[in-house]
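Visitor: I am new to this structure. Could you take me through a few points of it?

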Amino acid sequence: MREIQASRREPFSKNDIAFTKKPSLSLMQKLEILSDSAKYDVACTSSGVERKGDKTGIGNTVSGGICHSFSADGRCISLLKVLFTNECIYDCKYCINRKSNDVKRTSFTPQEICDLTIEFYRRNYIEGLFLSSGILHNPNYTSELIYEALYKLRNEYRFQGYIHVKAIPGTDPVLVQKLGLLADRMSVNLELPTAEGLKQLAPNKHRKSILTPMRQIQNGIMSNKNELMLYQNAPRFVPAGQSTQVIVGATPESDYEIVTVAENLYQKFDLKRVFYSAFVKVNEDKSLPALPGGPPLLREHRLYQADWLLRFYGFEAKELLSEDRPNFNVLLDPKCDWALRHLELFPVEINQADYQMLLRIPGIGVKSAGRIIRARKSTRLTFEHLKKLGIVLKRALYFITCNGKMMYNTKIEEDYITRNLLSVKEKLPIDAGGITYKQLSLFDDKTFLESQSGAETLKPHQIKEFQEEIIRVS
Ligand code: SF4
């Protein structure tokens with residue numbers, strides 16, 4: 001196998017790392033800076049890989065998604081979600097860590113990443129690690145440090161918990177391959193939906209350098225699957241698949257363009273997830289939109305709903321939106337909106353509709369559609385049955401019949417149904433005072449931070465405080 005040459009040729013040694021020149025910070029101070037710097041990265045769910053600890057190390061992973069929780073606004077929170085470094089040689093206009101910003105900079109060492117992960121794991125705070133990074137010196141240099149951290153975790157500490165690591169565009173493919181053999185999930189951020197947007201706001205990044213590692217990881221996963229069929233004990237490569245993140249609202253792309261890009265990524269790159277991140281304006285820059293109403297969280301929410309429809313409900317992007325109708329309805333979720341534009345297909349007889357059609361009925365999800373299909377084998381379903389099966393009848397009732405009858409004498413008419421659907425309160429990522437952007441910080445509790453300054457381990461009562469904080473936010 002070709003050896004990684006590039007970073008070895010660089011004039012940097014690990015002893016030269018910028019953080020050795022900075023005022024020395026305690027591990028907790030670094031953690032404060034580097035967990036806060038990571039909060040805009042949303043691509044962090046952990047579901048998708050199942051691995052039992054084999055008693056030779058610590059940790060395990062559960063495909064039910066053990067190392068993530070979700071805040072009230074639907075954002076994913078990973079309790080050890082940190083950057084390796086917030087140093088960066090690039091100047092992406094939307095990013096708090098861009099090189100032109102005057103922010104406190106620091107970097108972990110590989111050993112510190114191991115210490116934090118293991119200590120937090122042992123204290124039951126986390127069940128995995130989400131490690132992203134700015135770019136220190138160059139992509140290979142940074143990726144080598146990350147590799148060293150992961151290698152130590154897996155081989156010295158025998159850590160078998162979940163690891164999600166970012167692949168830095170421009171990293172040598174050999175290094176990407178080596179990282180993929182240690183991580184459960186990898187992600188390469190697309191950042192902006194189009195090459196044009198990227199050019200405008202991230203002039204140091206290029207679409208090709210983002211798609212190249214994405215393709216490499218996809219091919220690696222495919223060939224690993226074949227290998228595993230032949231050799232059960234072959235090392236696993238990115239077993240939880242790859243994901244990406246797209247910033248929404250920093251550039252003028254429509255929802256239609258964004259869902260079309262997401263659909264292409266799912267189809268052509270086999271991505272496990274596309275994460276949408278409402279643009280949060282953290283820098284003053286004339287090329288950034290003003291966003292007087294704050295981050296477009298409602299738009300982000302609609303995109304997640306549409307993404308769900310693409311992945312699990314058999315919808316295509318072109319069914320949901322079009323060039324003539326390029327953005328989602330802010331008042332109705334994309335499935336209700338689609339149903340209202342296709343009233344000619346409704347009402348659907350619940351005792352006869354096929355699975356695909358059931359999935360298209362507002363108020364019926366993947367699980368409840370499956371339950372209907374199974375229950376129909378033994379009886380003809382009534383509205384009473386549907387309630388018990390968990391169908392959301394306050395949405396579905398306008399679109400279905402049971403044994404030829406609707407639940408009430410309702411009109412199949414767009415305005416009438418829209419008015420009634422709008423009276424059903426939808427759970428949105430918006431609080432009573434307007435749109436908010438909040439993400440769990442390890443340091444939300446300042447007294448906790450102050451009490452920790454200089455300390456490198458956590459005390460039992462602080463563990464309790466921390467756990468209460470976790471429960472409160474999630
Ligand atoms: S590469 Fe761009 S987005 Fe990533 S840390 Fe650097 S400036 Fe921020």
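Visitor: How far apart are the end C-alpha atoms of helix 10?

Guide: This is a predicted model. Helix 10 covers residues 297-312, which makes 16 residues. At 1.5 Å a residue they should span 22 Å, and the distance between the end C-alpha atoms agrees with that: 22 Å.

Visitor: Which residue with a positive phi follows helix 10?

Guide: Helix 10 has buried residues, among them Leu 297, Leu 303 and Leu 310. After helix 10 comes a residue whose phi is near 75°, and that residue is Gly 314.

Visitor: Is Arg 158 buried or partly exposed?

Guide: Arg 158 sits in the loop between helix 5 (139-156) and strand 5 (162-166). A buried residue needs 20 or more other C-beta atoms within 10 Å, and an exposed one has 12 or fewer. Arg 158 has 15, so Arg 158 is partly exposed.

Visitor: How far is Arg 158 from Gly 57 in space?

Guide: In sequence, Arg 158 and Gly 57 are 101 residues apart. In space, taken from C-alpha to C-alpha, the distance between Arg 158 and Gly 57 is 4.4 Å.

Visitor: How many residues in the shell around the ligand are charged?

Guide: The residues around the ligand include Cys 88, Tyr 90, Asn 97 and Arg 98. By class, the shell has six nonpolar and two polar residues, and the number of charged residues is one.

Visitor: What share of the residues in the protein chain is buried?

Guide: The protein chain holds 19 helices and twelve strands. Of its 474 residues, the buried share is 42%.

Key:
Residues numbered from 1 in each chain as written. Predicted model: local features only at pLDDT ≥ 70, side-chain atom pairs only at ≥ 80, totals over all residues. Helix = DSSP H or I, 4+ residues; strand = E, 2+ residues; numbered from the N terminus. Near = placed C-beta within 6 Å. Nonpolar A, V, L, I, M, F, W, Y, C, P; charged D, E, K, R; others polar. Expected span 1.5 Å × (residues − 1).
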